[in-house]
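Colleague: I am new to this structure and should like to understand the terms used for it. May I put some questions to you as we look at it together?

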Amino acid sequence: MRPIFLCLLLIFTFSCLPETRKVKAEIQNGILDLTNHSFQTAPFLSLEGDWFFFWEKTPLTIQKTDTPGLISLPTHWNKREENGMVLSGQGYATFRLKLILPKEGFSFPLAVLVGEQDTSHAVFVSGKYLGGSGIPNTNRENTISQVRSSLVILPTEGKSEIELDVMIANFSHRKGGPWNDIILAPYTEAQNHLTNRKMNETILASILGFVAIFFLIFYFFDKDVTHTLGIFAFSFIVLLRNVSTGERILLDWIPLDYQIILRIEYLSWFWSAPVLYHYFHSVFPQDFSQRIGNIFYSVSAVLTLALLAPSVYFTELASVYPFVFIGNGCFILYYLIKSYRNKRSESKTLLLGMGLLLLGAFNDSLHAEAIIHTTYIGPLTVVCFVFLQVFTFGKSFRKNLSHTKELADSLIALNSSYSRFVPKEFLNYLGKKDILEIDLGQQIQKKMTVLFADIRSFTEFSETLTPKENFDFLNSYLQRVGPIIRHNGGFIDKFIGDAIMALFPDSPNDAIRAAVQMQSEIRLYNTHRANCDYRPIQVGIGIHTGNLILGILGEHERMEGTVISDAVNLASRIEGITKMFGAEIVISADTFIEATDELGYDYRLLDKVSVKGKADSVFVVEVLDGYDPEKKEKIVKLKEDYVLALDAYRRQDYEAALDGFIQLVDACPEDNVSKIFVNICTSLAESAKYADKQEDSQTSANST
């Protein structure tokens, strides 16, 4: 992976370099003879060599009697002796070059590309102004500084030679003069060259901007990874420097005064060292000294205050700060070597990146001081450095991502496990995504249908089984009925021994349908049990609809989700009524009223019964579809007779009611409800007869 990355990095780096190959001109005593030069084979001619130098002269004020000096370009005029005095960076001058053109002429326009010069320049040919950057003049007040490249077409048609003048004026910078290339080339080639330079700088700015934004966003998502903020800060500082130097592409987006963009350039330069140190300190805090970092921060803060001074003063610091930056780089190298010896992760890659940065800093500082004449490679080394950091961060990110994925999988599995103890639906109604968000006291009130299901005579049944057999049986039973509850829109709130408490938040129909399907599944389960010579089971199901409160109950070391409501208590009592009547599914009148006819089920009223904990009696209704189809069919056929018998019972005509229920039992011996009413009516009828006898005896005694 690493060799592929480095190859791509080198390809990118070389693709950003200017694709043009410049040939150095052979200028002698201010004259360039182009008679034998071919622009087809060498289109780019760098006008380096001895130019005529006219100090404090404009192209229009130069006289034939003026004796020029010679100056080797590119260079600054600082410290040059002229007319018995040593020049400072302030002032103006004209640089002249006589061009002897090829005799055969040109089939293309010839142009001069003048790079950015300190701090304004204008191009003249034979005393005619052709273009430039800013407005150079003979005094500070009338000079408008602007440091950008200019491209002008030379008027060569019909001429054998021309005089090329470049006037430069500087009253804003510590150094003045043509310190950058002046290139002679066919206009199309020169224009493409300038366009490519701007394009390369724009690409670099885009990359730096993307990296800065990416790591800033990443920092906000994970503030524990502090070195991402360091990469952002360094990328942003270099981005500012990239758009405020060279072709100063920032001016293509925002028109700024020279003094402003100059301060942006120096501000980015002054803060590059401490920001870079801060980045490495955030990566290897064990090896880097915070005190050294504070020193560089202090130096940059003082230099930043110097930007409040006029530019002719603070630009003097440009000759000092390279030593600060290089000194900072040496400290970083020292600590990186220390990190490498301590076998810190990725220290080798970071060491390589820092070496590239220092190489770029050395080259650019010497080039800016005109000690060597190369080109700025700082932005390219910065991009290489940033890409190495991205590569390093990518490896670290992959490791963290892999670890995070493992943690996420673990949390998902843990959350899934917890959801089997605390239903997801319970959390959803509390407005929580997972169990980590719940806390004591959280609650919500909602109208729901509560279903209680209990195995009849389970205590007696369980005594015949071993503990393992008990758990195996219960789990087998619950595996069958649990999915039915969920399939019908409900969820199991809790298991109470062999009993189930389930909630249906949407409609009572869901609970009734689930109860009917549960009884059907239990009958099928009993068939399997019979095949294995196991005892069949019977389950009573009670259902009630009402308002209830879902919430978190307990204390900080032990809590659970629970439901508090009279509706829950009533549903439990109704399930108990199934035992009293020998019924399989009993629902409250409230549930019956709210249920819709779309179920197509058959019901019959049982009675108005007293429920423990309730002052008033409640009506309960039996769902006949809980029985097997054959039994249900018999009961449904006798439903009208049942209604007549029940009506007599409610009128307290127990003799008539008894006769009616006896006929129902004779017709359908499986009808447990009618059997219960037979017993009740028999008891009440006998009580009524006994009361009548007592009343007759009392009447006779009174008569006697």
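**Terms and the values behind them**

Modeller: This is a predicted model. One may begin with residues 320–337, whose end C-alpha atoms lie 26 Å apart and whose span is 94% helix and 0% strand.

Colleague: What does the record call residues 320–337?

Modeller: The unreviewed UniProt entry annotates them as "transmembrane region", and that annotation also covers other spans, including 203–221 and 228–244. Such annotations may be inferred rather than shown by experiment. Over residues 228–244 the chain of the model is 100% helix and 0% strand, with the end C-alpha atoms 24 Å apart.

Colleague: How do you know that the length of helix H6 agrees with its number of residues?

Modeller: Helix H6 (residues 272–283) has twelve residues, and at 1.5 Å a residue these should span 16 Å. The end C-alpha atoms of H6 are 17 Å apart, so the two values agree.

Colleague: What makes H6 "mostly covered"?

Modeller: A residue is called buried when its relative accessible area is under 20%. Ten of the twelve residues of H6 are buried. Among them are Ser272, Pro274, Tyr277, Tyr279, Phe280 and His281.

Colleague: Why is Phe221 called exposed?

Modeller: The term exposed requires over 50% relative accessible area. Phe221 has 73% relative accessibility and therefore counts as exposed. Phe221 lies in helix H2 (residues 187–221). Together with Ile213 and Ile217, Phe221 makes a nonpolar surface patch of about 360 Å².

Colleague: How many disulfides are there?

Modeller: A pair of cysteine sulfur atoms must lie within 2.5 Å to be counted, and by this rule the count is zero disulfides.

Colleague: Are Cys668 and Cys681 buried or exposed?

Modeller: The limit for buried is under 20%. Cys668 has a relative accessible area of 0%, so Cys668 is buried. Cys681, at 0% relative accessibility, therefore counts as buried.

Colleague: What makes the contact of Lys447 and Glu594 a salt bridge?

Modeller: The rule asks for a side-chain nitrogen of Lys or Arg within 4 Å of a carboxyl oxygen of Asp or Glu. The side chains of Lys447 and Glu594 meet at 2.4 Å, N to O, and the pair is accordingly a salt bridge. Lys447 lies in strand S15 (residues 443–455) and Glu594 in helix H17 (residues 589–594), so the pair ties together parts that are 147 residues apart in sequence. Side chains of opposite charge can pair when their charged atoms come close. By the rule on distance, the count comes to 25 salt bridges.

Colleague: Why are Lys447 and Glu594 called partly exposed?

Modeller: Partly exposed is the class between buried, under 20%, and exposed, over 50%. Lys447 has 42% relative accessibility and so counts as partly exposed. Glu594, at 35%, also counts as partly exposed.

Colleague: How do you know that Lys579 and Asp454 form a salt bridge?

Modeller: Their side chains meet at 3.4 Å, N to O, and the limit is 4 Å. Lys579 lies in helix H16 (residues 566–581) and Asp454 in strand S15, so this pair ties together parts that are 125 residues apart in sequence. Lys579 is partly exposed, with a relative accessible area of 46%, whereas Asp454, at 13%, counts as buried.

Colleague: Which residue forms a salt bridge with Arg480?

Modeller: Glu521 does, the closest N and O atoms being 3.1 Å apart. Arg480 lies in helix H14 (residues 467–487) and Glu521 in helix H15 (residues 508–531), so the pair ties together parts that are 41 residues apart in sequence. Salt bridges also link Arg96, Glu163 and Asp165 in a network.

Methods
Residues numbered from 1 in each chain as written. Predicted model: local features only at pLDDT ≥ 70, side-chain atom pairs only at ≥ 80, totals over all residues. Heavy atoms only, no water. Patch = residues over 30% accessible without salt bridge, like charges linked within 9 Å, V, L, I, M, F, W, Y side chains within 5 Å. Areas by Shrake-Rupley, 256 points an atom, 1.4 Å probe, with all protein chains shown as cover. Helix = DSSP H or I, 4+ residues; strand = E, 2+ residues; numbered from the N terminus. Buried < 20%, exposed > 50% of the residue type's maximum accessible area, 1.4 Å probe, protein only. Expected span 1.5 Å × (residues − 1).
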